[in-house]
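Dear colleague,

Please find the structure below, handed over for your files. My findings follow it.

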2 protein chains.
Amino acid sequence: MTNIAILGFGVVGGGVADVIATNNETIARKTGEHINIKYILDLREFPDHPLGGRVVHDMNIILSDPEVTVVAEMMGGAHPAYDYTRAALEAGKHVVTSNKEVVATFGAELLRIAKEHHVRYLFEASVGGGIPVIRPMSSCLAANELSEVDGILNGTTNYILTQMIRAGKSFEEALAEAQEKGYAERNPAADVEGTDACRKICILAALAFGRLYAPSSVHTEGITAVTAQNVADAEALGGVIKLIGRAGRVHADDPDSDVFLLVSPHVIMHENPLSCVDDVFNAILVRGNAVGDVMFYGRGAGNLPTASAVVADIIDILTHKDAEIFVPDWESAASAPADHTALPYAFLCRVQTDAPYDEVTTAVRHIYPDAEFLTVADAFDGTAAFVTPTTTEADLRAALAPIGTLTSALRVMP
Amino acid sequence: MTNIAILGFGVVGGGVADVIATNNETIARKTGEHINIKYILDLREFPDHPLGGRVVHDMNIILSDPEVTVVAEMMGGAHPAYDYTRAALEAGKHVVTSNKEVVATFGAELLRIAKEHHVRYLFEASVGGGIPVIRPMSSCLAANELSEVDGILNGTTNYILTQMIRAGKSFEEALAEAQEKGYAERNPAADVEGTDACRKICILAALAFGRLYAPSSVHTEGITAVTAQNVADAEALGGVIKLIGRAGRVHADDPDSDVFLLVSPHVIMHENPLSCVDDVFNAILVRGNAVGDVMFYGRGAGNLPTASAVVADIIDILTHKDAEIFVPDWESAASAPADHTALPYAFLCRVQTDAPYDEVTTAVRHIYPDAEFLTVADAFDGTAAFVTPTTTEADLRAALAPIGTLTSALRVMP
């Protein structure tokens, strides 16, 4: 029997207890032992829960109990989650977590501490909920040099965008519906402004490239500025708008080249499998030099899917007890990622101008002879939509300034 | 340095050598050691290949060399691949393979032998080429009771069906094109008749349910009977036809209920993420009681993707050297899987009859009041298409016999 402690008995912590209760026999068949939740750390009491008697309010009880070998941190937030994680690792206990904020901010340091104390720090649940992605990236794709990771990493924003695409809703209408259905929180900032997706792409980039960038150093645009007009323009082009966390090598073929990271709405053409990922689902596409593109898909949130990943990490610890496990070496990035305004992209643009249609098309084609206009003359009402060939954001803004106001410039996923 | 031997220096064996040559430094960074291909077993000589000097023709050289710790079997076919695998395991060497025929036929026995000799038998490359699926299913989803696995498991047939759907080609035209492009072999039977997909679903079912069914015991339909009319009917219904390997518990909620397996063309509705998997791509959808549906997507074949999976298995062995690794316990199924004609399905039917349209619709609606007709009166030419509510194949055939000839009955994926 393995004794564990759960820190934080909210939605995910409760889900972990549920999954262990439901599947303990299956788990025991696979690992040879049962999991026992010896303690639950929470500020509250849970007198009506079957495990209510396991609740404690003092982390030291858990730290000083040698019977507890695994700590599952489900508290959320940076503190005290980081402090408790650190203390648990230093006390020689394995830690598993779903806390993307702690992993994205302190992951490099916590992995180093885990290594020093010969224990493991696992975080499969921090990205993509129950979707297996962290372990497949570090083990199944280990024979590859990875060049890029792209993800639809936030279910709330994907639900909102799907509603805007399918039902022609505005951002505000779709957000209100998502809040009604419980898919968005009353304060949706962390989701709709891209903060959540940013933490996750930082974790994925660290796995792929060995370097953890501070989320605050990553250019992050949410979906609050996406309009119904943008959605229609993307459809006219043969694509859909998705909020994408994107990380890669600046030169795909050169594993020593700089790393870029950004979070922003992208136009995904229908040929790209990410375009089929709708509603609250998440997907992560990984590109390796041997395997090509592989994609992992599933529910990116929810108590049971996330708990599924947490318990899988616990099982991994149980089945590799005496192994000298390879621990990834994450270096904390000393600088910001590569300048996102210098990345090669085609842009889906809208330009507002007082000039007549013919003048606008002529002026745009003077800069970009291959620009493809989506707005025809008859539909011109002072704004025109077109797609540029591959350029950079910096060049684009400079080139179009004399023509009119660039009201939107959506990156088209290469 | 770890010494390995490659058995069979064809497309995949050559790919393994290429991936090791290209990424050996990356691999060494992750594992702490380089991989050295000490021997290549093949009937042929490769005087112009840089590793030509490593070629041997006698398996005993490899078996008797204690420096060789890992054998990579890429020969294909049942014999002598099975015999060499068995001998290598008995000689205390780990074996990794891409050989689905050997895994699907002898996997239970070979895993038992591996366990007895404290070595590992790994086969990530046997299903889905480079797509990580075997290891994620056995580790990342270990906290789940699995109820179903559905897969697009054969790239050749998926390419042919995609051409039939997109370009309106007949099966024969699409097959000829696939052969021209090198996606289909000159003798395409193993692909188009479903044999290849059948072996793969047997392996996935064994992973999910612990029981290995003989491929010969599994109902297997290929795509040779799929017509352009079927494709059009599926489109009218809002779906696409895909060749699906499907395995699951007869009662999804009961982990002790019987297991079903079948391979056949299915209508996949557009809401199902498998409907977006086109061309030579493969995808595997797994359903767990905690995680819900997760899907793994990528190139299901090709020398480098497959080699990526083989080398990942080798890396797994290197990074878990002294671990007492959990080895799955596969029981060889003593009986056939559950009767596929008793599985609940809606069917997309075409019935040929001499009766007038009104009589046909009345007769069908007498049996299935909720049947949805796709053929309207004006388009009726003696055959009519409709969708039944959920029934079973056995009931369907009996019920429709008096009405006319059932020229096709495609399963609609629930």
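Contact here means heavy atoms within 4.5 Å. Helices (H or I, at least four residues) and strands (E, at least two) are DSSP runs, numbered from the N terminus. This is a predicted model, in which local features need pLDDT of at least 70 and side-chain atom pairs count only at pLDDT 80 or more, whereas totals for chains, interfaces and linings use all residues. Residues are numbered from 1 along each chain as its sequence is written, chains are lettered from A and ligands numbered from 1 in the order in which they are written, and side-chain values use heavy atoms, with hydrogens and water left out.

I begin with a helix pair in chain B. In H1(B), Val11(B), Val12(B), Gly15(B), Val16(B), Asp18(B), Val19(B), Ile20(B), Ile27(B), Lys30(B) and Thr31(B) are in contact with Asn303(B), Leu304(B), Thr306(B), Ala307(B), Ser308(B), Val310(B), Val311(B), Ile315(B), Leu318(B) and Thr319(B) of H11(B). By class, this contact comprises twelve nonpolar, six polar and two charged residues (Ala, Val, Leu, Ile, Met, Phe, Trp, Tyr, Cys and Pro count as nonpolar, Asp, Glu, Lys and Arg as charged, and the others, Gly among them, as polar). The axes of H1 (residues 11–31) and H11 (residues 303–319) of chain B come within 8 Å and cross at roughly 45 degrees; H1(B) is therefore oblique to H11(B). Axes are lines fitted to C-alpha atoms, for helices over the stretch in contact, with angles from 0 to 180 degrees between N-to-C directions; those under 35 degrees count as roughly parallel, over 145 as roughly antiparallel, 65 to 115 as roughly perpendicular and the rest as oblique.

The same surface serves both, since 100% of the contact residues of chain A recur in chain B.

Some backbone details also deserve mention. The peptide bond from His79(A) to Pro80(A) is cis, with omega near 5 degrees, and Pro80(A) is in the loop between strand E4 (68–73) and helix H3 (81–90) of chain A. In chain B, the bond from His79(B) to Pro80(B) is cis, with omega near 5 degrees. Asp279(A), a residue other than glycine, has a positive phi near 55 degrees.

Yours sincerely
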